[in-house]
Amino acid sequence: MTIEVEVLNGDASWPLAKPLFDAIWPPEVVAKLPWAGIVFARAELRVLLQNEAEEVLCHVGLHRRDITWNGHKIRVAGIGGVLTREDARRHGYASIALNAAIQTLKDEGSTPFALLFCEPHNAPFYMARGWKPFDGEIHVDQPQGRIRFEAMAPYVYDLKRAPQKGVIDLCGLPW
Ligand SMILES: CC(C)(COP(=O)(O)OP(=O)(O)OC[C@H]1O[C@@H](n2cnc3c(N)ncnc32)[C@H](O)[C@@H]1OP(=O)(O)O)[C@@H](O)C(=O)NCCC(=O)NCCS
């Protein structure tokens, strides 16, 4: 099977990605997840893996944001919405999409680290791919104001150097 990997504008490619989100995270499933009720940022870029029928098999969302770490302004890349269609899992697609996201950030060269949030059962998947736990506090904006974000655990990836402790304020919605 031929798989096409593309990095696309986040808003323009949302109609392509939406069916995958709807299939994996319908409202009744999301309602039972630890992050139910959290408002997330829309991805700036999307890595999409499509098959020959142009069906999206895998998605990774990419964000870039100026945040603060221990009060210092710092640039970070966010990874979110890592999804593979149920019948296409364990073929390495999420690994390929994550690598494409990381390569895009490395090529840009302006971001010292990447940050993602995941549920405990997905942590081994990311740790096997070089992500390390961030052992600190995360604060984010929500419609009701600034909150401490504890719905999922933070993991960081060294592009140059990632902090592993401290207080991060995402200065916006989480991803
Ligand atoms: C988590 C998720 C994105 C992984 O997607 P995936 O495309 O199956 O991921 P990969 O195929 O790259 O890797 C999955 C496993 O399959 C293995 N694998 C990869 N290629 C394989 C192949 N050809 N044959 C057999 N196994 C393979 C990998 O080694 C990996 O195992 P490991 O974690 O023990 O190392 C997917 O399970 C998913 O969409 N889950 C639901 C949504 C979700 O929870 N997303 C995460 C949000 S943080």
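Analyst: A friendly start with the classes: Ala, Val, Leu, Ile, Met, Phe, Trp, Tyr, Cys and Pro count as nonpolar, Asp, Glu, Lys and Arg as charged, and the others, Gly among them, as polar. Please keep in mind that this is a predicted model.

User: How many nonpolar residues are in the lining of the largest pocket?

Analyst: Let's sort the lining by class. It has seven charged and 12 polar residues. The nonpolar residues in this lining number 26.

User: What is the volume of the largest pocket, and which residues are closest to its centre?

Analyst: The volume is about 1300 Å³. In total, 45 residues line this pocket. The closest to its centre are Trp-25, Gly-81, Val-82, Leu-83 and Tyr-126.

User: Which element gives the most to that lining?

Analyst: Several elements each supply at least two residues, including helix 1 (14-24), strand 3 (56-69) and helix 3. With six residues, the one that gives the most is strand 4.

User: Which pocket does the ligand take up, and which elements give two or more residues to the shell around the ligand?

Analyst: The space taken by the ligand is the largest pocket. The elements giving two or more residues to the shell are strand 4 (72-84), helix 3 (93-108), strand 5 (113-118) and helix 4 (123-127).

User: How much of the ligand's exposed area does the protein bury?

Analyst: Let's look at the contacts before the area. A backbone N or O atom of Val-82 lies 2.7 Å from a ligand nitrogen, while an N or O atom in the side chain of Asn-122 is 2.9 Å from a ligand oxygen. Taken alone, the ligand exposes 950 Å², and the share of this that the protein buries is 68%.

Methods
Residues numbered from 1 in each chain as written. Predicted model: local features only at pLDDT ≥ 70, side-chain atom pairs only at ≥ 80, totals over all residues. Heavy atoms only, no water. Polar contact = N/O pair within 3.5 Å; in protein donor to acceptor, adjacent residues only side chain to side chain. Areas by Shrake-Rupley, 256 points an atom, 1.4 Å probe, with all protein chains shown as cover. 1 Å grid on protein atoms, 1.4 Å probe; cavity = no way out; pocket = protein on both sides within 12 Å on 5 of 7 lines; lining within 4 Å. Sits in = over half its atoms within 2 Å of the grid points. Helix = DSSP H or I, 4+ residues; strand = E, 2+ residues; numbered from the N terminus. Points joined across faces, edges and corners; volume = space filled by probe spheres on them.
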